[in-house]
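Trainee: Could we go through this model together? I would like to understand what stands behind each label we put on it.

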Amino acid sequence: MTAEHVDVLVVGAGLSGIGAAWHLQDRCPWARYAIIEARDAMGGTWDLFRYPGIRSDSDMYTLGYRFRPWREGKAIADGPSIKRYIEETAREAGIDRHVRFGHRMVRAEWSSTDARWTVHMEVGPTRTPATMTCGFLYTCTGYYDYACGYTPEWPDLSAFKGRVVHPQHWPSDLRLAGQRVVVIGSGATAVTLVPALTEGADAAASVTMLQRSPTYIAEQPTVDAIAQALHAVLPERLAYATVRWKNIARSMFYYALARRAPASFAKGLRDKQRAALGDTVPLDPHFTPRYAPWDERLCLAPDGDFFRVLREGKARIVTDTIAGFDATGIRLASGAHLDADVIITATGLVLTLLAGVTVVVDGAPVTWSQHMAYKGMMCTDIPNMASAFGYTNASWTLKCDLVAEHTCRLLNHMRRHGYLQVTPRRDPGVGEAPALDFSSGYVQRALPALPKQGTKAPWKLDQQYLKDLMTLRLKRVDDPALEFKATSSLR
């Protein structure tokens with residue numbers, strides 16, 4: 001049987017994938033497209049993560065799509081609300097009719113002779129083999145492995161007689177009422193979990209956050225008062241656009257301040273933390289990171305919930321290293337012991353590109369580390385493939401929206417000029433740099449396997465929205481770094 005063919009195959013029905021499909025419908029109405037999604041529901045991250053308190057650490061006026069206003073009251077939204085927003089966007093635009101659920105891509109093969117990708121999939125719980133072909137492959141699968149989170153190799157973990165849970169795989173049957181819980185970690189997941197585990201009908205008897213090293217944590221209101229005021233007097237889209245740009249500008253300002261005046265930025269955070277914690281929790285050593293602000297992603301405490309539960313004694317924080325485990329809990333390097341019934345390993349993600357997928361170009365398997373990123377959306381020597389990869393220092397969707405717009409401009413340019421293939425070709429004079437300038441453990445562990453970035457445009461990832469806005473939305477797409485071809489056996 002002949003495999004089904006589409007002009008564009010979008011991989012992933014999460015925030016990025018649904019946004020990509022909207023732009024394809026809007027800007028490339030000629031394109032036949034489909035979305036394949038390994039899971040049985042759309043939402044991506046916001047369908048996968050089910051741990052208590054799951055939420056965004058970016059405001060929804062920038063994490064939301066530029067083309068569809070965020071209509072709910074909370075700017076810092078919970079996971080189910082974000083998932084609902086994605087689903088409503090897809091339903092309103094008819095995108096949901098293009099989604100093939102339970103279709104997991106396992107191999108993608110590019111043929112320059114045919115100018116097309118052949119995508120091999122496993123479908124449904126039986127993993128039935130299936131194949132599709134496409135002229136352009138658009139991957140929107142995020143940056144981490146959905147199959148497993150990261151857990152360090154601690155000594156004697158098997159000696160612990162209680163339950164060990166990674167937040168990425170939160171059990172539906174887990175009940176914490178009356179339990180002593182230790183959350184290991186200091187990142188966004190831990191900062192989210194700790195307040196959530198102290199309240200409600202299933203509140204734990206005790207909650208301890210064990211961190212090896214502190215993280216920068218900032219307080220932010222859950223409700224944007226300025227947004228509420230503007231929505232009361234302006235048309236919906238104008239109010240949304242105004243708030244969106246206000247929040248973009250605020251984010252850019254604070255990021256620039258953190259990088260250019262790290263001591264002042266850190267002092268400002270510490271002053272706010274001291275006020276939020278009162279005299280109950282010392283800042284040292286618990287809130288004194290060893291790195292500069294924004295060397296790792298800044299964590300967010302909506303309405304100061306994390307500081308409040310510490311101040312009120314509903315949770316406590318311990319800064320120490322793990323010496324080992326025993327039947328009843330965790331032995332610390334200081335000699336102390338943390339009693340626990342449940343240990344939650346909020347220890348990070350496994351960062352990867354297209355986890356578990358083999359990519360082949362003209363018979364040669366792709367090794368990502370041997371390639372260089374082009375505009376943060378394509379890779380050298382890999383034809384007709386774009387990837388949605390958002391910002392590390394701002395809302396993910398800001399970059400993904402720009403990538404979608406630029407991809408559509410590229411597709412329209414190819415159609416107008418009769419090109420069937422586009423491939424970034426590396427400038428031999430450009431130097432190499434790591435893909436991400438981030439000291440976070442999950443980034444450092446993955447860097448050797450990721451594509452490189454260059455030391456100058458269009459190979460350098462500036463992580464700056466205004467620069468990307470100019471480059472991806474306004475500049476010409478027929479870049480000298482791109483090789484266009486029209487020859488094909490199909491013509």
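Trainee: Where is W245 found?

Mentor: Happy to start there, and please keep in mind that this is a predicted model. W245 is found in helix 7.

Trainee: Why is W245 called partly exposed?

Mentor: Its relative accessible area is 41%. Buried means under 20% and exposed means over 50%, with partly exposed in between, so W245 at 41% is partly exposed.

Trainee: Let's move on to helix 8. How do you know that the span of helix 8 agrees with its number of residues?

Mentor: Helix 8 has 16 residues, 262-277, and at 1.5 Å a residue these should span 22 Å. The end C-alpha atoms of helix 8 are 22 Å apart, so the two values agree.

Trainee: Which residues of helix 8 are buried, and what puts them on the same side?

Mentor: The buried ones are F265, A266, L269, Q273, A276 and L277. They cover an arc of only 95° around the axis, and therefore lie on the same side of helix 8. On the other side, A263, S264, K267 and A275 are exposed. The buried residues pack against strand 10 (217-220), helix 7 (236-260) and helix 9 (305-311). After helix 8 comes G278, with a positive phi near 65°.

Trainee: Why is Q273 called buried?

Mentor: Its relative accessible area is 3%, and the cut-off for buried is under 20%, so Q273 counts as buried. Leaving aside residues up to four places away in sequence, Q273 touches I217, L283, F287 and F307.

Trainee: And Y85, is that one buried or exposed?

Mentor: Buried, because its relative accessibility is 3%. Y85 is found in helix 4 (residues 79-93). Among the residues that Y85 touches are M60, Y65, W70 and Y240. Y85 and Y65 are 20 residues apart in sequence, with 9.7 Å from C-alpha to C-alpha.

Trainee: What makes D468 and K399 a salt bridge?

Mentor: Their side chains meet at 3.8 Å, N to O. The rule asks for a side-chain nitrogen of Lys or Arg within 4 Å of a carboxyl oxygen of Asp or Glu, so the pair at 3.8 Å qualifies. This pair links distant parts of the chain, with D468 in helix 12 (residues 465-474) and K399 in helix 10 (residues 396-417), 69 residues apart. Both D468 and K399 are buried.

Trainee: What are the buried residues of helix 12?

Mentor: They are Y465, D468, L469 and L472. These cover an arc of only 110° around the axis, so they sit on the same side of helix 12. They pack against helix 7 and helix 10.

Trainee: How many salt bridges does the rule give?

Mentor: The count comes to 38. One further pair is E432 with R426, where the closest N and O atoms are 3.0 Å apart. E432 is partly exposed at 47% relative accessibility, and R426 is partly exposed at 34%. There is also a network of salt bridges that links R39, D47, R50, K83 and E87.

Trainee: Why is R476 called exposed?

Mentor: Its relative accessibility is 62%, and exposed means over 50%, so R476 counts as exposed. R476 meets D478 in a salt bridge at 2.5 Å, N to O. D478 is partly exposed, with a relative accessible area of 29%.

Trainee: Let's finish with the backbone. Which peptide bond has omega near 5°?

Mentor: The one from D284 to P285, which is cis. P285 is found in the loop between helix 8 and strand 11 (299-302). Another cis peptide bond joins A457 and P458, with omega about 0°.

Trainee: What makes the phi of K375 worth a remark?

Mentor: Most residues other than glycine have a negative phi. K375 is not a glycine, yet its phi is positive, near 55°. N384 also has a positive phi, about 50°, although it is not a glycine. At 2% relative accessibility, N384 counts as buried.

Conventions:
Residues are numbered from 1 along each chain as its sequence is written. This is a predicted model: local features need pLDDT of at least 70, side-chain atom pairs count only at pLDDT 80 or more; totals for chains, interfaces and linings use all residues. Side-chain values use heavy atoms; hydrogens and water are left out. Helices (H or I, at least four residues) and strands (E, at least two) are DSSP runs, numbered from the N terminus. The expected span of a helix is 1.5 Å times one less than its number of residues. Buried means under 20% relative accessible area, exposed over 50%, partly exposed in between (1.4 Å probe, protein chains only). The arc is that of the directions from the helix axis to the C-beta atoms. Contact means heavy atoms within 4.5 Å.
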